[in-house]
Amino acid sequence: MSATQENAVVNSDSLLFKEYLHFLEIHRGLAKSTISIRSHYLAPFLAVLNLRQTAAGLEEISTSRIHDYVIMAASSMTRASQKHLVSTLRSFLRF
């Protein structure tokens with residue numbers, strides 16, 4: 001398991017991550033398959049940016065860090081995957 005994958009596993013256990021997935025299920029009424037896709041794109045984002053496990057950690061994110069992450073991650077994705085990535089990040093950051 002790579003370091004990024006290990007961090008993604010650690011971050012997927014974070015309270016913020018779980019609250020977001022719960023929000024998607026309960027308040028947005030999204031299907032489990034959609035939530036799984038969002039989870040797939042969000043966990044590496046949280047791991048790479050090494051965010052704290054609370055909403056206060058989001059205050060540490062600059063727009064340039066988000067932009068750099070999207071450019072890095074999207075470089076090996078198809079156009080459809082890029083759309084999923086950006087949609088997931090926008091939804092999470094609004095949450």
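Visitor: Which residues form one aromatic cluster here?
Guide: Y20, F23, F92 and F95 do. Rings of Phe, Tyr and Trp (its six-membered ring) pair if their centres lie within 6.5 Å; planes under 30 degrees apart count as stacked, over 60 as edge-to-face and the rest as tilted.

Visitor: What kind of model is this, and how are residues numbered?
Guide: The model is predicted: local features need pLDDT of at least 70, side-chain atom pairs count only at pLDDT 80 or more, and totals for chains, interfaces and linings use all residues. Numbering runs from 1 along each chain as its sequence is written, and side-chain values use heavy atoms, with hydrogens and water left out.

Visitor: What is the chain's mean pLDDT?
Guide: The mean is 81, and 79% of the residues reach 70 or more. pLDDT is the predictor's confidence in each residue, from 0 to 100.

Visitor: Where is confidence lowest, and where highest?
Guide: Lowest is helix α1 (residues 3-12), with a mean of 45. Highest is helix α5 (residues 79-94), at 93. Over residues 1-11 the pLDDT is below 50. That stretch has 12 contacts in the model beyond near neighbours in sequence. Contact means heavy atoms within 4.5 Å. Helices (H or I, at least four residues) and strands (E, at least two) are DSSP runs, numbered from the N terminus.

Visitor: Back to the rings. How many aromatic pairs are there?
Guide: A search of the whole structure gives four. In one of them, Y20 and F92 sit edge-to-face, 5.2 Å centre to centre with 90° between the planes.

Visitor: Why does that pair tie together parts apart in sequence?
Guide: Y20 is in helix α2 (residues 15-26) and F92 is in helix α5, so the pair links parts 72 residues apart in sequence.

Visitor: Are Y20 and F92 buried or exposed?
Guide: Both are buried. Buried means under 20% relative accessible area, exposed over 50%, partly exposed in between (1.4 Å probe, protein chains only).

Visitor: And why is the F23 and F95 pair tilted?
Guide: Their ring centres are 5.1 Å apart and the planes meet at 45°, so the pair counts as tilted. F23 is partly exposed at 24% relative accessible area, and F95 is partly exposed at 36%.

Visitor: New topic. Which residues does S91 touch?
Guide: Y20, L24, R28 and R38, leaving out residues up to four places away in sequence. S91 lies in helix α5. S91 is buried, at 13% relative accessible area.

Visitor: What joins the side chains of S91 and Y20?
Guide: A polar contact of 2.6 Å. A polar contact is a pair of N or O atoms within 3.5 Å; within protein, one must be able to donate a hydrogen and the other to accept it, and residues adjacent in sequence count only if both atoms are side-chain atoms.
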